Amino acid sequence: MMNTKPEAGGALPHMSFPKLGGGTLSIGGATERHTLLVVYRGKHCGRCKKYLAMLEGLKSDWEEAGFDLVVVSADPREKAKADVDEFGWSFDIGYDLSEEQMLGLGVYISDPLSPDETDRRFAEPGIFCVRPDGIIQVVCISNGPAARPELNELLDGMKFNIAHNRPARGTV
């Protein structure tokens, strides 16, 4: 499968992944609320832990703004559960993001630097703010852990976009 980058103003692809605690998380298509989809690198990434801790601290603000939070990595269930047990994240966590799904989301894929890092290829960070009609309002894909949108600023911008019914930008 080709790696195609999702376009702002385009539809988020339909996909599902297993959810910690049971069931599945599904993205793509129409929903009742906005969606903040966060693709993170996995248990091996210290920067991901910091970023998801910030998201946890802002969870109620994102929810009040009308967003459902979906967070997913390529980690297997055991690694994702270990992180939730250690850090106490309360948002929905998906796991076993496949390479095909990574390619469909257009996120960068990395090989581990060593077996000590992790035991599989993994997704580099991606953030998708998706309108209830399934259209991507904001997409931010990074090729490394140090470049991610600041969550307070992103939330402020999304509140403005929603309040003023702004279209997706950067569509040309």
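Guide: In this predicted model, a salt bridge is a side-chain nitrogen of Lys or Arg lying within 4 Å of a carboxyl oxygen of Asp or Glu.

Visitor: What makes Arg121 and Asp111 partly exposed?

Guide: Arg121 has a relative accessible area of 39% and Asp111 one of 46%; since buried means under 20% and exposed means over 50%, both values fall in between, and both residues are therefore partly exposed. Elsewhere, salt bridges with shared partners join Lys43, Lys49 and Asp83 into one network, and by the same rule the count for the model comes to 12 salt bridges.

Visitor: How do you know that Glu124 and Arg41 form a salt bridge, and where in the chain does each lie?

Guide: Their closest N and O atoms are 2.7 Å apart, which is within the 4 Å limit, so the pair counts as a salt bridge. Glu124 belongs to the loop between β7 (122-123) and β8 (126-130), and Arg41 to the loop between β3 (34-39) and α1 (46-64), so that the pair links distant parts of the chain, 83 residues apart. Both Glu124 and Arg41 are buried.

Visitor: Why is the pair Asp119 and Lys79 said to tie together parts of the chain?

Guide: The side chains of Asp119 and Lys79 meet in a salt bridge at 3.5 Å, N to O. Because Asp119 lies in the loop between β6 (109-110) and β7, whereas Lys79 lies in helix α2 (residues 77-87), the pair ties together parts that are 40 residues apart in sequence.

Visitor: What makes Gln101 buried or exposed?

Guide: Gln101, in helix α3 (residues 99-105), has a relative accessible area of 13%, which is under 20%, so Gln101 is buried. Leaving out residues up to four places away in sequence, Gln101 touches Met15, Ser16, Phe17 and Asp96.

Visitor: Which residues touch the most other members of the largest nonpolar core?

Guide: Among the 27 residues of this core, they are Leu36, Leu55, Trp62 and Ile93. The elements that contribute two or more residues to the core are β3, α1, β4 (67-72), α2, β8 and α4 (151-163), with α1 giving the most, 6 residues. Leu36, setting aside its neighbours within four places in sequence, is in contact with residues including Leu55, Trp62, Phe67, Leu69, Ile127 and Leu154. Another core, of 18 residues, lies apart from this one and has Met15, Phe17, Leu25 and Leu97 among its members.

Visitor: How many residues of each class does the lining of the largest pocket have?

Guide: The lining has 6 nonpolar, 6 polar and 3 charged residues. About 170 Å³ of space lies in this pocket, and of the 15 residues that line it, the closest to its centre are Ser26, Ile27, Thr31, Thr35 and Val70. The elements giving two or more residues to the lining are β2 (24-27) and β4.

Note on methods. Residues are numbered from 1 along each chain as its sequence is written. This is a predicted model: local features need pLDDT of at least 70, side-chain atom pairs count only at pLDDT 80 or more; totals for chains, interfaces and linings use all residues. Side-chain values use heavy atoms; hydrogens and water are left out. Helices (H or I, at least four residues) and strands (E, at least two) are DSSP runs, numbered from the N terminus. Buried means under 20% relative accessible area, exposed over 50%, partly exposed in between (1.4 Å probe, protein chains only). A nonpolar core is a set of buried Ala, Val, Leu, Ile, Met, Phe, Trp, Tyr and Cys residues joined through side-chain atoms within 4.5 Å. Contact means heavy atoms within 4.5 Å. On a 1 Å grid over the protein atoms alone, a cavity is a set of points where a 1.4 Å probe fits but cannot get out, and a pocket is an open set with protein on both sides within 12 Å along at least five of seven lines; lining residues have an atom within 4 Å of a point. Grid points are joined across faces, edges and corners, and a volume is the space filled by probe spheres set on the points. Ala, Val, Leu, Ile, Met, Phe, Trp, Tyr, Cys and Pro count as nonpolar, Asp, Glu, Lys and Arg as charged, and the others, Gly among them, as polar.
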